[in-house]
Amino acid sequence: MLDKHVVEDLERFVEAELACRKHPGSSISVIQGGEVVWAKGFGYSDVDEKQRAEPRTVYRCASVTKPVVTVGLLHLMEKGKFDLDDEANSHLDVKIRDVQGEEPTIRDLLTHRSGMPTRVPPIYLMDEEPLTMRGYIGSAARGVRPRGDRWAYCNTAYMIAGYLIELFSGKMYDRYVTENVLEPLEMGSSVFTLTPEVRGSLAQGYKRAGGPDKPLIPVEPYVLGTMPEDPAGSLYSTVLDLANFLVMNMGGGSFKGRRILKEETLREMHRLQAPSGNSRSGMALTWFYSIHDGRVMLNHTGGLPDYTNNVCFYPGEGVGVCWLSNLQDGSGWRPPSPTVLRMVAGEKPSVGPSLQRVPCNWDKICGVYGDETRQTVLAVRNGYLTMDDAVLLDGIDDARYVAHGPSYDGYEVTFEYGTDGRAVCFSVGTTTLLRYTPEAPEVDREMELKGVWRGEYYDSSGFHEFELVVEDEATATVKGPRGESVTPGEFEAKNGGVIGVYRYRIPEEYARWGTKEHADVNVELYAVGGRLVGTLGVGGSRTVVELERVG
């Protein structure tokens, strides 16, 4: 059992975190020495019914499903069904399309480097007809960049992983993983399809349109993407069941004497496969591989419209944490399990004596990093080197820093420098951001903008045709994702530039991810080389688009 003083600190930490967010409920388990040493529920699994969250409360695991399904896939690799470096398309009867160069491998799928973009599956009500897995792959599996080019979180890759399990085993992925992973691990409260028995223990999920002052919105059970449900996020489980999964991961592939994976297979799953730049962090197979407080940490987060989760462990120390919760508030919050991990390991944040000392090469580090769709600012504030004014960077040496603050706390940040001594990029976790150089295209101020312009863009809900009809300097129409005609407001087309704002109704199966029925899109395009190029912005995200004149 944990020391009572550690327990007191943990409870105070969790209670403060949830209270400040007005979070309905969470369940947490701590694993040490191959067993659960502490587990507790906080808040409510159902606010209206005043039902308390408990360690045996069931939650939807969201993307914490991915490492569980991956173990099932690797189980088939041990049977000789495939090698990690096989081309994925060589085993599929429905192919990844628009491959940009070399064919993505199964290893690429499991490290989010397949060349496919980030995408979420549609959400269907329980009485609606979902897609088949094969049908979804046929529409969603498209490359947009060369394999291995860069990391891009890809749910579609795990839909393919689940479908490969079916092709290799002759069984649907959910049945195969249940028989070969869940049952041997005694994960008796874990299922991939919601049963009446599990539903009776399921925490009511909630979403919220903003901060703690906004009301909780209960979310009814739904079908995620396909039937069987999307293997990227279909698992229902408890923190006690997931603890067994971590025990196996920290126990060389065995659980209570039962071999789930061979030791060498588990080592391959845990090994750093795809580093972020020149850093020591990146992707193992499915697990995020990070240096946290100087230790190797493997973890996976998860988020759905009504649940947010995190499981993590220090494989070298045999310490792990499972944290499941029943709220998604749109803020990107994930349970801060790594902080619990640090507390259980008996460590305090390591703060160097030079934290509030301006680095000698500050002018070579500070600046804007990212691209047209995402930007991060590094700057000196009151003697601290900061990231987006929220994270303090504590220097280890010129190349490595440790992050302190609400984001990335304890994570190692790595800089790479050019020949002039100026930082060209930095990496943290799975992300590498290049120094941002604003594009300065040669805008054709004289180009005729009137006409019909057409192109394609992709976002988290899929690939979309985009058509813009410019009638004159102040009037235009746009076709929305479902082909509906929309008139932009505040529209202007002159001097080689097109700006405007239009609103479209989000397709219902994707609107269920959030709290809004409509999206407001900011259009910003420029005439370059006979085309219109620029971005479409929705909220804080931007998508690159390129249009050709068709009429």
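This is a predicted model: local features need pLDDT of at least 70, side-chain atom pairs count only at pLDDT 80 or more; totals for chains, interfaces and linings use all residues.
A residue counts as buried under 20% relative accessible area, as exposed over 50%, and as partly exposed in between. By that scale Glu179, with a relative accessible area of 29%, is partly exposed.

Salt bridges come first. Side chains of opposite charge can pair when their charged atoms come close. The structure holds 34 salt bridges. Glu179 takes part in one of them, with Arg175 as its partner. The closest N and O atoms of Glu179 and Arg175 are 3.0 Å apart. Both residues belong to helix α6, which covers residues 173-182. Because they are 4 residues apart in this helix, about one helical turn separates them.

Glu467 forms a salt bridge with Lys479, and the closest N and O atoms lie 3.7 Å apart. Glu467 has a relative accessibility of 11% and so counts as buried. Lys479, at 39% relative accessible area, is partly exposed.

Arg21 forms a salt bridge with Asp329, with 3.0 Å between the closest N and O atoms. Distant parts of the chain are linked in this way, as Arg21 and Asp329 are 308 residues apart. Arg21 lies in helix α1 (residues 4-21). Asp329 lies in the loop between β18 (327-328) and α10 (337-344). Arg21 is buried, with a relative accessible area of 18%. Asp329 is buried too, with a value of 10%. Elsewhere, salt bridges form a network that links Asp85, Arg107, Glu268 and Arg271.

Cysteines were examined next. A disulfide requires a pair of cysteine sulfur atoms within 2.5 Å. By this rule the count is 0 disulfides. Cys312 illustrates the reason. The closest cysteine sulfur to that of Cys312 belongs to Cys322 and is 8.1 Å away, so the two are too far apart for a bond. Cys312 is buried, with a relative accessible area of 0%. Cys366 is likewise in no disulfide. The nearest cysteine sulfur to Cys366 is that of Cys360, at a distance of 13 Å. Cys366 has a relative accessibility of 17% and therefore counts as buried.

Strand pairing was followed in two regions. Strand β24 comprises residues 412-417 and is mostly covered, with 5 of its 6 residues buried. Strand β23 (residues 400-404) pairs with β24 in the antiparallel sense, over 3 bridges. In this pairing Val402 stands opposite Glu412 of β24. Strand β25 (residues 423-428) also runs antiparallel to β24, and 5 bridges join the two. Here Val413 stands opposite Val428 of β25. β24 and β25 form a hairpin with 5 residues between them. Gly421, in the turn of this hairpin, has a positive phi of about 80 degrees.

Strand β35 (residues 541-549) is joined to strand β27 (residues 451-459) by 3 bridges, and the two run antiparallel. Arg454 has Glu548 of β35 as its bridge partner. Strand β34 (residues 531-538) pairs with β35 over 7 bridges, again in the antiparallel sense. Gly537 has Arg542 of β35 as its bridge partner. β34 and β35 make up a hairpin with 2 residues between the strands. In that hairpin, Gly539 takes a positive phi near 60 degrees.

Rolling a probe the size of a water molecule over the atoms shows where empty space is left. With a cut-off of 30 Å³ or more, the count comes to 1 cavity. The largest cavity holds about 40 Å³ of space. Its lining consists of Ile96, Val99, Gln100, Glu102, Pro104, Ser114, Met116, Gly143, Arg145 and Arg147. By class, the lining of the largest cavity has 4 nonpolar, 3 polar and 3 charged residues.

Definitions and conventions:
Residues are numbered from 1 along each chain as its sequence is written. Side-chain values use heavy atoms; hydrogens and water are left out. A salt bridge is a side-chain nitrogen of Lys or Arg within 4 Å of a carboxyl oxygen of Asp or Glu. Buried means under 20% relative accessible area, exposed over 50%, partly exposed in between (1.4 Å probe, protein chains only). Two strands pair if DSSP finds at least two bridges between them. On a 1 Å grid over the protein atoms alone, a cavity is a set of points where a 1.4 Å probe fits but cannot get out, and a pocket is an open set with protein on both sides within 12 Å along at least five of seven lines; lining residues have an atom within 4 Å of a point. Grid points are joined across faces, edges and corners, and a volume is the space filled by probe spheres set on the points. Ala, Val, Leu, Ile, Met, Phe, Trp, Tyr, Cys and Pro count as nonpolar, Asp, Glu, Lys and Arg as charged, and the others, Gly among them, as polar.
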